[in-house]
Amino acid sequence: FPDRVIWVVTDNFGQSQIDPFTAVVPTNLQNVNYVATGPDAAFRLGPTVFLDLSARYAKASYQTDPFDSNTMLGSVALGRALSAQSSISIDGSFERVQYDNTVVNTNFDRSSFYAHYEVQGARTDLTANLGVTKVAQGSESFTGPDVKLRLSRKLSSVSTLTLTIGREITDGSTAFANLQSGASGGIVTGPAVLSQGNYTQTYGSIGWQYARNRTTIGLSGTWEKDSYDGQPLQ
């Protein structure tokens, strides 16, 4: 249904370390695949008010580690267009993760509620999220911040600078699906997944791209800290 409903299929394939204390060599790598599919629906409730709905089924597959899982996700956003270039909305999402191997993993529910703002200028684009995320995994539950700021500035007709900072609660499979492959692109290599427990991820990245008709140059850098609630893993 044009402009109303679309069906989305995404597939993230790459590799991750098996042993974090061993060098990244072919014998210490495993293939990881994260595929997700489902519909996105967009509705107009007047000249400026909109309602966006999304649903996904996702499957994570690990070549070696016992972390294979099936995930059901749903999200809703109710917002208002402030102008032709800016909007604000209240967003909510929920996901249920079920593991194939429940001996070493615990199924969990994760829900988020946040305010979202975005503006697209002539040379500058800004996106900001501010809210909270709650996780219920087994007999434990905890709540943490959901904060993200992304700023993109067009320095000239051929170069762009992008800055992203954030803090959110995630898990190993979701973090792998969200990995960026750096300035050069290609198959990503993720860190070793020691646990499928939820953790707080604090990160920042900066990237610069220069693109002409036949030549593209890119530079990027990323910093990240992962903190597990109640576990001595950082």
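In what order do the strands form the open sheet? The order is β10-β1-β2-β3-β4-β5-β6-β7-β8-β9-β11-β12, with 12 strands and mixed pairing.

## Basis of the report

This is a predicted model, in which local features need pLDDT of at least 70 and side-chain atom pairs count only at pLDDT 80 or more, while totals for chains, interfaces and linings use all residues. Residues are numbered from 1 along each chain as its sequence is written, and side-chain values use heavy atoms, with hydrogens and water left out.

## The sheet

Strands here are DSSP runs (E, at least two residues) and helices are DSSP runs as well (H or I, at least four residues), both numbered from the N terminus. Two strands pair if DSSP finds at least two bridges between them. Strands β10 (188-190) and β12 stand at the edges with a single partner strand each, so one side of each is left without a neighbour in the sheet. From one strand to the next, the twist averages 20°; the axes behind such angles are lines fitted to C-alpha atoms, for helices over the stretch in contact, and the angles run from 0 to 180 degrees between N-to-C directions.

Strand β1 (residues 5-17) pairs with strand β2 (residues 29-44) in the antiparallel sense, over 13 bridges. In this pairing Val8 stands opposite Gly38 in β2. Strands β3 (residues 49-62) and β4 (residues 69-81) also run antiparallel and are joined by 12 bridges. A hairpin of six residues leads from β3 to β4, and Ala60 stands opposite Ser69 in β4. On to strand β5 (residues 86-99), β4 pairs in the antiparallel sense over 13 bridges. Four residues lie between β4 and β5 in their hairpin, and Ser69 stands opposite Tyr99 in β5.

## Salt bridges

A salt bridge is a side-chain nitrogen of Lys or Arg within 4 Å of a carboxyl oxygen of Asp or Glu. The structure holds five salt bridges. One of them joins the side chains of Lys59 and Asp100 (3.9 Å, N to O). This pair links distant parts of the chain, 41 residues apart: Lys59 is in strand β3, and Asp100 is in the loop between β5 and β6 (108-120). Lys59 is partly exposed, with a relative accessible area of 27%. For these labels, buried means under 20% relative accessible area, exposed means over 50%, and partly exposed is in between (1.4 Å probe, protein chains only).

Another salt bridge is formed by Arg96 and Asp109, whose closest N and O atoms are 3.1 Å apart. Arg96 in strand β5 and Asp109 in strand β6 are 13 residues apart. Arg96 counts as partly exposed at 30% relative accessibility, and Asp109 counts as partly exposed at 24%. Asp171 and Arg110 meet in a salt bridge at 2.9 Å, N to O. Asp171 lies in the loop between β9 and α1 (172-177) and Arg110 in strand β6, 61 residues apart. Asp171 is buried at 2% relative accessible area, and Arg110 is buried at 3%. Salt bridges with shared partners join Glu95, Arg110 and Asp171 into one network.

## An aromatic pair

Rings of Phe, Tyr and Trp (its six-membered ring) pair if their centres lie within 6.5 Å; planes under 30 degrees apart count as stacked, over 60 as edge-to-face and the rest as tilted. There are four aromatic pairs in the structure. In one of them, the rings of Tyr199 and Tyr228 have centres 4.9 Å apart and planes at 35°, so the pair is tilted. Tyr199 lies in strand β11 (residues 199-211) and Tyr228 in strand β12 (residues 216-228), so the pair ties together parts that are 29 residues apart in sequence. Tyr199 is buried, with a relative accessible area of 5%, and Tyr228 counts as buried at 16%.

## A nonpolar surface patch

Which residues form a nonpolar patch on the surface? They are Leu149, Leu151, Leu155, Leu161, Leu163, Ile165 and Ile206, with about 530 Å² of accessible area together. Patches are made of residues with over 30% relative accessible area and no salt bridge; like charges are joined within 9 Å, and nonpolar side chains (Val, Leu, Ile, Met, Phe, Trp, Tyr) within 5 Å. Accessible areas come from the Shrake-Rupley method with a 1.4 Å probe, and for residues only the protein chains shown count as cover.

Strands β8 (140-154) and β9 (159-170) each supply at least two residues of the patch. The most comes from β9, with three residues. Leu149 lies in strand β8 and counts as partly exposed, at 34% relative accessibility.
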